[in-house]
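My entries follow in the order in which I worked.

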Amino acid sequence: MSPKRKISLTEEELVLALRNREKIAADALYDMYSSSLFGVISRIITDTAIAEDVLQETFIKIWNSFSSYSAEKGRLFTWMVNIARNLSIDKVRSKDFKNQSKNHELENNVTFIDEQRNTVYKPELLGLKDLVDKLKPEQKIILELVYFKGYTHVEVSEELDVPLGTVKTRLRMAIIELRKYFN
Amino acid sequence: MEDVKAYIETGILELYVLGELSQDEKNQVEEMASKHPQIKAEIAEIERSLEAYAAANAVEPPEQLRDKVLNSLLTTFADDSKFPSREFLENDIDDEVDEAVNDNVVPLPVAKSGSFYKYAFAACLAALIASIAAIYSLNERLNESYGQIASLQQRNQTFASRVNYMQGEIDIFHDPTFKLVKLQGTPKTPASQLTVAWNPVKKKVMIDMQAMKLAANDEAHQYQLWAIVNGKPVDLGVFDAKPDSTGMIEMNPVANAAAFAVTLEKRGGVPSPTMSQMVVIATI
């Protein structure tokens, strides 16, 4: 899409460069992860301008608090996406945001986003519909609520009126389907 | 080993990856992971699949955002490099992600963009209303001006035609070929008077209504001007005498006349004059 070549490093190289606070680390970080992070942020926050602000805040936090990331405890993206999700949820739940946001029906949210924005074209995405079809509706809604709406499993349990244990099981089953699909 | 499998099946690892556990629960999971490679592998699998899922649902941010974000990183990079020890000190005390993150929170002015647009919109609206009001009042004044111009033009035209007309009258008096013939009252009407301006060259005959002294005619009658040509009366047209008559009126043309006379006839005139009704006469 961009005429510029995007910088891509291995995760180990990137982590090392980030620790040394090299400029190339910032470029690579953005090029490798901005669209994935923005995908999550913009599903939680439908207002484009606010979603862009939150993406910027996310990168600033990643950059500034990188020393607290430990590769021992998990993958870089897992750490980053949790920062992005927490910032997004904070924004959505802030008084400021509530006053101006329009509420969209949850079920329609993903299609709404996809209609609004240019989703990145990825060859493997062609099969994504199969994946979504494989997921049972109750798995799909839990994955959606937790991953793209930032609900805690306790909130999901209340929202869907199912026991906490069931929420955990369904979430696990949904992620197992993802694993089968992606691995 | 059964314990490990049961532990995995509770779904706690998924919640761990999603960042949903309390600090105690997290520590517990991390301890289990360090003891059991199977749990560590399971966590890695969950992470990879969720990362792939996010990548499959990626949304490309607008292109211009890249520079904005990278510039803001480099700005904080420059700031941090001046005080490199601060961050490490704080993070050594507490390496929990969220708290470390909160320690470094930089409030962003961009967060106010929503209310900025709100105010900008209000300002635009106010400017629009003011503009419409200004246009409306200007338009009123423009229309008013148009009306004034139109009435001035009309007056100007009236004056111009009056000047033209009067110029024509003056020309008559200045033109040496015009003869001014003063018709005097007959014994029956001694006070009557009429001036006829006659140009034998151009055959033009005018009567001066301003200086006319004739009794006002009624609705049924009109004055008729005659010229005596070769001893015969020739009809030069009819006219009305009113107390407020002004200017000059042009009558029928005649080339050679021995005399001019006016008789009072029935409205519209008659073919030959009624001599008893003659009011003024002049021979040349």
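I take helices (H or I, at least four residues) and strands (E, at least two) as DSSP runs, numbered from the N terminus. Residues are numbered from 1 along each chain as its sequence is written, while chains are lettered from A and ligands numbered from 1 in the order in which they are written. I keep in mind that this is a predicted model, in which local features need pLDDT of at least 70 and side-chain atom pairs count only at pLDDT 80 or more, whereas totals for chains, interfaces and linings use all residues.

**Loop residue.** I looked up B:A220 and found it in the loop between β3 (204-208) and β4 (221-229) of chain B. I call a residue buried if 20 or more other C-beta atoms lie within 10 Å of its own, exposed if 12 or fewer, and partly exposed in between, with C-beta atoms placed from the backbone. B:A220 is exposed, because 7 other C-beta atoms lie within 10 Å. Leaving aside neighbours within four places in sequence, I find B:A220 in contact (C-beta atoms, placed from the backbone, within 7 Å) with B:K266 and B:R267. B:A220 and B:G268 are 48 residues apart in sequence, yet their C-alpha atoms are 9.1 Å apart in space.

**Strands.** I count two strands as paired if DSSP finds at least two bridges between them. Strand β8 (residues 278-283) of chain B runs antiparallel to β1 (residues 179-185) of chain B, with two bridges joining them, and B:Q184 has B:I281 as its bridge partner in β8(B). Five bridges join β8(B) to β7 (residues 259-266) of chain B, again antiparallel, and here B:T263 is partnered with B:M278.

**Helix.** Helix α3 (residues 23-35) of chain B has 13 residues and spans 18 Å from its first C-alpha to its last, close to the 18 Å expected at 1.5 Å a residue (1.5 Å times one less than the number of residues). I noted B:V29, B:M32 and B:A33 as the buried residues of α3(B). They lie on the same side of α3(B), because they cover an arc of only 100° around the axis, the arc being that of the directions from the helix axis to the C-beta atoms. On the other side of α3(B) I found exposed residues, including B:D24, B:N27 and B:E31.

**Cores.** A nonpolar core is a set of buried Ala, Val, Leu, Ile, Met, Phe, Trp, Tyr and Cys residues joined through C-beta atoms within 7 Å. The largest has 66 residues, of which A:L29, A:L37, A:I41, A:M80 and A:V146 touch the most other members.

Key:
Two residues are in contact if their C-beta atoms, placed from the backbone, lie within 7 Å.
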